[in-house]
Each structure stands twice: as structure tokens, then as C-alpha cells.
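Here's a quick briefing for anyone opening this structure for the first time. Take a look at the model, then we'll walk through its pockets, its cavity and some of its helix packing.

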Amino acid sequence: MVDVVLPALDEAEALPWVLERMPRGFRPIVVDNGSTDDTAGVAARHGAVVVVEPARGFGAACWAGLQAATDDVVCFMDADASFDPRDLPKVVEPVRVGATVLALGARRPQNGAWPAHARLANRALAAELRRRTGAPLSDLGPMRAANRLDLLSLDLRDRRSGWPLEMVLRAHRAGWDLVEVPVAYRPRVGRSKVTGTVRGTVQAVRDMSRLLARP
Ligand SMILES: Nc1nc2c(ncn2[C@@H]2O[C@H](COP(=O)(O)OP(=O)(O)O)[C@@H](O)[C@H]2O)c(=O)[nH]1
Ligand SMILES: [Mg+2]
């Protein structure tokens with residue numbers, strides 16, 4: 001069973017669709033990060049392993065999920081129904097066959113899936129990463145698959161919005177060749193906590209800028 005870490009902050013509305021579409025052979029681990037809705041209950045009723053991480057932050061949740069994973073391969077995806085779990089097998093494939101240690105889902109957005117400011121910021125970030133690393137990355141998407149022990153060896157420190165960026169920076173430093181796989185990106189179910197809010201956007205920009213400012 002391939003582990004799938006789903007960081008979740010108040011995603012009770014979105015989780016049924018996500019968990020019902022989990023392909024055979026994938027084990028969902030929903031990390032409830034202080035939700036005030038029934039995220040944990042809905043996750044459990046839909047067969048997911050539930051991990052509770054009281055320390056807030058996207059990275060804190062992903063880290064807690066990674067600790068709970070046991071398979072050789074671990075995946076990450078948002079729990080807001082913006083990604084389709086049925087894309088997981090093709091993201092896992094290059095990791096499974098040993099072609100890469102880290103595969104990133106590059107978002108192919110449908111109408112209304114991605115606010116313009118987030119899309120532009122992400123495009124600029126990807127260009128900066130290409131410049132720095134030479135890796136052929138077009139997106140810093142959160143749907144990913146990695147070799148679990150290799151990922152643990154990166155010793156990721158960010159516990160907030162810098163997590164996905166730090167993973168790529170450290171992976172490059174470790175000499176890994178990264179692979180991108182196109183994945184669908186659709187309008188989320190429920191309210192955005194990050195790019196759809198001023199606070200979330202400011203925090204994401206701050207966390208990522210701090211990482212990029214390091215030598
Ligand atoms: N654990 C945890 N998850 C979060 C936090 N903020 C957002 N998320 C989750 O991370 C994913 C992405 O957040 P989302 O609100 O969709 O951000 P957006 O895609 O930029 O609008 C979703 O599954 C959220 O539930 C947080 O502070 N902690
Ligand atoms: Mg989202």
C-alpha cells in the first residue's frame with residue numbers, strides 16, 4: 001500500500017469526494033491540523049488513517065503524515081478536492097520504477113481552479129527555480145510522490161508554507177533529478193486557507209522568500 005498524506009484544515013466537505021476516488025493500493029493518511037469541522041470524523045468514516053497534528057501549518061501537517069507513513073513510497077496531495085487521487089498512479093510510476101526519487105505533479109488547471117495572483121506567483125517561482133537548479137520544473141505543485149527514506153534524509157525544517165519549496169531546494173542540493181508529471185487541477189470544494197486569503201498569501205510569500213534568501 002502506497003501512503004498518501006493529505007494535510008487538512010477544515011476539509012470535511014471536500015474529503016468524501018477525495019477519499020472515494022482513492023485508487024486501490026493507496027492508503028490515505030489524513031492529517032487533521034486543528035480543524036473545527038468534522039474533518040477527522042469524515043476521514044475516519046471514509047476509511048482513512050487519521051493523524052492529529054495540533055501544531056498549525058502546512059509543513060507541520062505534511063511532516064506528521066510523513067512520520068506516520070511506512071511504505072517505500074509516500075505521496076502528498078491537498079485534501080480540498082482540487083486534485084484527483086486517480087492521478088496518483090502516474091505520479092508514483094517514475095518513483096516506483098526507480099527513474100527518480102521525487103516526482104512532482106505539474107498542474108493543468110481547469111477554469112476557475114487557480115486565482116490569477118497565485119498562478120503568476122507560482123510561474124515566477126518556477127522560473128527562479130529553473131534558473132537556480134537547471135531542473136526542468138514548470139510548477140511547484142503539492143501533489144507529489146517520493147521515496148520515503150530518501151525524503152526523510154532531506155531533513156526538511158519548514159513547518160509552514162515553505163515546505164514544498166524547501167523540498168525542491170534540498171532535493172536539488174542532494175543531487176536528485178526531479179521529474180514532472182502533468183496532473184489535473186480543478187476548483188476546490190470549500191473555502192481556501194492559503195492563496196484565497198490575504199493572510200495565507202502573505203505568509204506563503206514570506207515563508208518562500210526566506211528560503212530563497214538563504215545562500
Ligand atoms: N494541516 C494544514 N493544512 C492546511 C493549512 N492550511 C491549509 N491546509 C491544507 O492544505 C491544502 C491547501 O490549502 P488550500 O486552502 O487549498 O490553499 P490554496 O490551494 O492555496 O487555496 C488543503 O488541503 C488545506 O486543508 C494548515 O495550516 N495546516
Ligand atoms: Mg487548494
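What volume does the second largest pocket have? It comes to about 200 Å³. Keep in mind that this is a predicted model. The largest pocket, for its part, has a volume of about 1,400 Å³.

- The residues lining the second largest pocket are R132, T133, E166, L169, R170, H172, R173, L211, R214 and P215.
- Helix 7 has the largest share here, with five residues.
- Sorted by class, the lining of the second largest pocket holds five charged, three nonpolar and two polar residues.

**The largest pocket**

- A total of 47 residues line the largest pocket.
- If you want to find its centre, look for S161, K193, V194, T195 and G200, which lie nearest to it.
- Strand 1 (2-8), helix 3 (58-68), helix 5 (116-133) and helix 8 (198-213) each bring at least two residues to the lining of the largest pocket.
- Helix 8 makes the largest contribution to this lining, at nine residues.
- By class, the lining of the largest pocket splits into 21 nonpolar, 14 polar and twelve charged residues.

**The cavity**

- There's one cavity of 30 Å³ or more, and the largest cavity has a volume of about 40 Å³.
- Around the largest cavity you'll find F58, C62, F76, P142, R144, W163, P164 and M167.
- What classes of residue line the largest cavity? Seven are nonpolar, one is charged and none is polar.

**Helix 7 with helix 8**

- The crossing of helix 7 and helix 8 is right-handed.
- On the helix 7 side, the contact is made by L165, E166 and L169, while helix 8 brings M208, L211 and L212.
- Five of the residues in the contact of helix 7 with helix 8 are nonpolar, one is charged and none is polar.
- E166, L169 and L211 turn up in this contact and also in the lining of the second largest pocket.

**Helix 5 with helix 7**

- The crossing of helix 5 and helix 7 is right-handed.
- From helix 5, the residues L125, L129, R132 and T133 meet L165, V168, L169 and H172 of helix 7.
- In the contact of helix 5 with helix 7, five residues are nonpolar, two are polar and one is charged.
- R132, T133, L169 and H172 take part in this contact, and they are among the residues that line the second largest pocket.

**Helix 5 with helix 8**

- Helix 5 and helix 8 pack at an angle of about 5 degrees, with 13 Å between their axes.
- Because of that angle, helix 5 is roughly parallel to helix 8.
- Helix 5 uses H117, L125, E128 and R132 to meet T201, M208 and L212 of helix 8.
- The contact of helix 5 with helix 8 has three nonpolar, two polar and two charged residues.
- L125 and R132 of helix 5 meet helix 8 here, and they also meet helix 7.
- M208 and L212 of helix 8 meet helix 5 and are also part of the contact with helix 7.

How values were computed. Residues are numbered from 1 along each chain as its sequence is written. Chains are lettered from A and ligands numbered from 1 in the order in which they are written. This is a predicted model: local features need pLDDT of at least 70, side-chain atom pairs count only at pLDDT 80 or more; totals for chains, interfaces and linings use all residues. Side-chain values use heavy atoms; hydrogens and water are left out. On a 1 Å grid over the protein atoms alone, a cavity is a set of points where a 1.4 Å probe fits but cannot get out, and a pocket is an open set with protein on both sides within 12 Å along at least five of seven lines; lining residues have an atom within 4 Å of a point. Grid points are joined across faces, edges and corners, and a volume is the space filled by probe spheres set on the points. Helices (H or I, at least four residues) and strands (E, at least two) are DSSP runs, numbered from the N terminus. Ala, Val, Leu, Ile, Met, Phe, Trp, Tyr, Cys and Pro count as nonpolar, Asp, Glu, Lys and Arg as charged, and the others, Gly among them, as polar. A crossing is left-handed if the near helix is turned anticlockwise from the far one by less than a right angle, and right-handed if clockwise. Contact means heavy atoms within 4.5 Å. Axes are lines fitted to C-alpha atoms, for helices over the stretch in contact, and angles run from 0 to 180 degrees between N-to-C directions. Angles under 35 degrees count as roughly parallel, over 145 as roughly antiparallel, 65 to 115 as roughly perpendicular and the rest as oblique.
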